[in-house]
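Take a look at the model below.

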Amino acid sequence: MLDDLDRRLLRLLQEDPGQPVPDLAQAAGLTPGRAARRLDRLREAGILRGQEAVIDWRRLGYEVHVSLRVTLDKGAPRAFEEFLAAARDVPEVVEIQTFLGQVDVRLSLIARDLAHYRAIYRDRILTLPRISDIEALMTLSVLQDNEALPL
C-alpha cells in the first residue's frame, strides 16, 4: 500500500516528471537516497511505469483528430485478431481500445488535414478486415486533458 510519502512523491512526479531526484526529494521532505529507494520500490511494484514524452501532434502539422467507433463482424472466426493486427499497421492510428457492447473497437487517428484524413479513411481504414459498421467522430476541441491521478 502507498503511504503519504509515496503519494507525495507521485504527486510531485505528475507535476514535473523530469525533475532530478535531489530536487524531488527536497520537495517531498526526504533525503535523495530515501527518495530514490521509494521510487525504486514504486517501479518494482509496477505503480511507477516510467516517464513518457508527450508530443503535441498539432505542432508537427497534424490538425485533424478523429475517433472511429468500429463494430466488427463477430460471426467471422478471429475477427478481432485480424482487425487489430491490420489496424496496428496504420501509422496514423495513435490509440486502439476494445470495448464490450455494441461498439467493439475505437481507433483514434490523426491526420494533417481533411484531405489527408479522407485518404487514410478511404485507403487504409475502409480496407481493414471484418468491419461491420463504422462511425467517425471528429474532435473539435479538447476541453480537459488531465491524466494526473488525485493522490
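A pocket is found on a 1 Å grid over the protein atoms alone: it is an open set of points with protein on both sides within 12 Å along at least five of seven lines. Lining residues have an atom within 4 Å of a point. Grid points are joined across faces, edges and corners, and the volume is the space filled by probe spheres set on the points.

This is a predicted model, where local features need pLDDT of at least 70, side-chain atom pairs count only at pLDDT 80 or more, and totals for chains, interfaces and linings use all residues. Residues are numbered from 1 along each chain as its sequence is written, and side-chain values use heavy atoms, with hydrogens and water left out.

**The largest pocket**

The largest pocket has a volume of about 1800 Å³. It is lined by 41 residues, and E52, V54, D145, N146 and E147 are the closest to its centre. Which elements give two or more residues to this lining? They are α1 (4-15), α2 (21-28), α3, β1, β2 (93-98) and β3 (105-111). α1 gives the most, with three residues. Helices (H or I, at least four residues) and strands (E, at least two) are DSSP runs, numbered from the N terminus.

**Aromatic pairs**

Rings of Phe, Tyr and Trp (its six-membered ring) pair if their centres lie within 6.5 Å; planes under 30 degrees apart count as stacked, over 60 as edge-to-face and the rest as tilted. The structure holds two such pairs.

| Pair | Centre distance | Plane angle | Type |
|---|---|---|---|
| W57 and Y62 | 6.0 Å | 85 degrees | edge-to-face |
| Y117 and Y121 | 5.7 Å | 35 degrees | tilted |

Y117 and Y121 both lie in helix α5 (residues 114-125). They are four residues apart, about one turn of the helix. Are these residues buried or exposed? Buried means under 20% relative accessible area, exposed over 50%, partly exposed in between (1.4 Å probe, protein chains only). Y117 counts as buried at 10%, while Y121 is partly exposed at 21%. In the other pair, Y62 is partly exposed at 23%, and W57 is partly exposed at 36%.

**The loops**

W57 lies in the loop between α3 (32-44) and β1 (64-72). A76 lies in the loop between β1 and α4 (79-87). A76 is buried, with a relative accessible area of 11%. A76 and G29 are 47 residues apart in sequence and 58 Å apart in space, C-alpha to C-alpha.

Notes: 1 Å grid on protein atoms, 1.4 Å probe; cavity = no way out; pocket = protein on both sides within 12 Å on 5 of 7 lines; lining within 4 Å.
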